Amino acid sequence: MKRNWFNRRTLVIAGAAAVLGGCQVIPKTGPTTTTDPGPSTEPSATALPTDATRHRIALLVPMSGSTGAVGQSLANATTMALLDTNANNLRITTYDTSQGAGAAARRAIADGNRLILGPLMSENVSAVQAQARPAGVTTISFSNDTSVASPDVFVMGHIPEQSIRRSVRYARNQGATRFAALLSNSDYGDRSLGALSNALRDFGGSLTTTQRYSRGNTSIVSAAQRLRDAGGYDTVLLGEGARLSVQAAGELKKENGVNSRILGTELWSGETALTRSSAMRGALFSAVSDGRYKRFTESYEGRFGSQPYRISTLGYDAVLLTLRVARDWRVGSQFPQRQLRDRGGFLGLDGPFRFQRNGVVERSMEVREVRGNSVVIVDEAPKRFED
């Protein structure tokens with residue numbers, strides 16, 4: 001396989017990501033003319049013009065309900081990517097999944113779309129695939145649930161298992177040998193435990209004890225007390241968000257608690273609460289690089305008047321990815337999904353990434369450490385694969 005994360009062709013996309021700061025401001029509602037390539041309102045099959053030079057791509061996201069703001073942020077990000085790259089060979093149309101993902105997919109396919117970006121929620125993937133698979137339409141989901149990946153469903157979200165694996169490997173190199181885990185009784189907790197066990201199998205070290213809890217302040221504190229009393233570890237994985245992790249860390253290091261190293265997950269990225277607790281000093285976690293994210297947020301806020309959701313970079317990067325593939329994709333033909341498995345990978349706002357054979361994204365992650373009032377990078381994201 002190629003040693004580099006990306007090849008010369010990918011540098012064209014890297015240049016596109018670098019022009020975020022100098023783009024024109026557009027209204028929050030997006031473009032209103034029929035010639036603009038950004039996401040449009042949901043059409044009927046007869047309303048879409050005939051495209052002889054542009055690929056039709058469907059964006060399936062919720063535009064109302066509890067996750068409507070997230071869907072709008074993703075849609076805005078795809079508009080940004082099209083404008084930043086001056087793309088004139090893509091037509092992206094937004095379809096609202098809040099009233100049913102299957103119905104949205106059916107309309108998208110009837111309108112002639114050859115690629116689906118979305119859905120956002122993993123539970124909607126099967127409904128989308130019931131429509132997309134018979135039509136030969138590839139799906140690139142924004143979910144981070146690896147269980148929904150398949151030969152024609154590519155999972156693009158930030159994978160917690162990869163974050164844990166990266167942190168465990170770094171901790172092992174720093175001398176950690178005996179690991180414990182404090183995890184919720186949830187799917188995320190189950191995935192975190194599996195990731196920790198697999199990482200220890202591959203990098204060495206032992207799992208000495210595990211405590212589970214139901215989400216809630218009292219439950220995690222009690223579980224932390226049980227873990228502290230059990231002892232026998234030098235490193236603890238907290239598979240939880242920043243607020244509850246801070247509470248658990250305070251209990252673990254209370255009184256005669258062992259001065260153990262704490263590991264977190266990608267859920268900690270961007271959380272300032274970590275730096276306000278002395279118990280979190282020295283804690284480690286891994287996440288994709290934020291090196292390009294600041295410029296993205298500044299450009300986004302200038303255009304739409306609000307801060308984007310962190311996940312919206314997936315919408316931007318999905319457009320860059322599609323543009324890369326579109327150079328060898330004939331308009332009106334089936335999407336060439338095998339190009340998504342380019343071992344050289346791709347480059348986006350969240351750094352280098354590639355899709356594995358099972359359809360799950362593989363990302364380059366950096367390791368960060370909580371130090372006093374700041375979070376610093378202690379091991380930069382790799383620029384190439386190891387195998």
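The expected span of a helix is 1.5 Å times one less than its number of residues. Helices (H or I, at least four residues) and strands (E, at least two) are DSSP runs, numbered from the N terminus. For α9, with 12 residues at 1.5 Å a residue, the span should be 16 Å; the end C-alpha atoms lie 16 Å apart, which agrees.

The model is predicted: local features need pLDDT of at least 70, side-chain atom pairs count only at pLDDT 80 or more, and totals for chains, interfaces and linings use all residues. Residues are numbered from 1 along each chain as its sequence is written, and side-chain values use heavy atoms, with hydrogens and water left out.

The protein holds 10 helices and 15 strands. Of its 387 residues, 54% are buried. Buried means under 20% relative accessible area, exposed over 50%, and partly exposed in between (1.4 Å probe, protein chains only). Contact means heavy atoms within 4.5 Å. Among contacts between residues at least 6 apart in sequence, 70% join residues at least 24 apart.

A nonpolar core is a set of buried Ala, Val, Leu, Ile, Met, Phe, Trp, Tyr and Cys residues joined through side-chain atoms within 4.5 Å. In soluble globular proteins, nonpolar side chains tend to be buried together. The largest core here has 48 residues. Leu-117, Ile-140, Phe-142, Phe-296, Tyr-316, Leu-340 and Phe-355 touch the most other members. Two or more residues come from each of β1 (55–61), α2 (68–84), β2 (90–96), β3 (115–117), β5 (153–155), α9 (293–304), α10 (313–326) and β12 (351–355). The most come from α10, which gives 9 residues.

Phe-142 has contacts in several stretches of the chain. Residues up to four places away in sequence are not counted. Its partners are Leu-59, Val-61, Leu-74, Leu-117, Gly-118, Pro-119, Leu-120, Gly-157, Ile-311, Leu-314, Gly-315 and Ala-318. Two of these partners, Gly-118 and Pro-119, are joined by a cis peptide bond, with omega near 0°. Pro-119 sits in the loop between β3 and α4 (125–135).

The buried residues of α9 are Tyr-293, Phe-296, Thr-297, Ser-299, Tyr-300, Arg-303 and Phe-304. Seen down the helix axis, they fall within an arc of 165°, so they line one face of α9. The arc is that of the directions from the helix axis to the C-beta atoms. These buried residues pack against α2 and α10. Gly-305 follows α9 and has a positive phi, near 75°.

Aromatic pairs were examined next. Rings of Phe, Tyr and Trp (its six-membered ring) pair if their centres lie within 6.5 Å; planes under 30 degrees apart count as stacked, over 60 as edge-to-face and the rest as tilted. The structure holds 9 such pairs. The rings of Phe-154 and Phe-355 have centres 5.3 Å apart and planes at 75°, so this pair is edge-to-face. The pair links distant parts of the chain, with Phe-154 in β5 and Phe-355 in β12, 201 residues apart. Both Phe-154 and Phe-355 are buried. For Phe-346 and Phe-353 the centres are 5.8 Å apart and the planes at 35°, so the pair is tilted. Phe-346 is buried at 4% relative accessible area, and Phe-353 is buried at 1%. Tyr-293, Phe-296, Tyr-300, Phe-304 and Tyr-316 form one aromatic cluster.

Two arginines lie over aromatic rings. A charge sits over a ring if NZ of Lys or CZ of Arg is within 6 Å of the ring centre and within 35 degrees of the ring normal. Arg-310 lies over the face of Tyr-293, at 4.2 Å from the ring centre. The charged end of Arg-363 sits over the ring of Phe-353, 5.2 Å from its centre.

Glu-369 lies in strand β14 (residues 366–371) and is buried, with a relative accessible area of 13%. Leaving aside neighbours within four places in sequence, Glu-369 is in contact with Gly-282, Ala-283, Leu-284, Ser-374, Val-375, Val-376 and Val-378. Arg-343, in the loop between α10 and β11 (346–348), is partly exposed at 28% relative accessibility. Asn-86, in the loop between α2 and β2, is exposed at 65%. Its phi is positive, near 55°.
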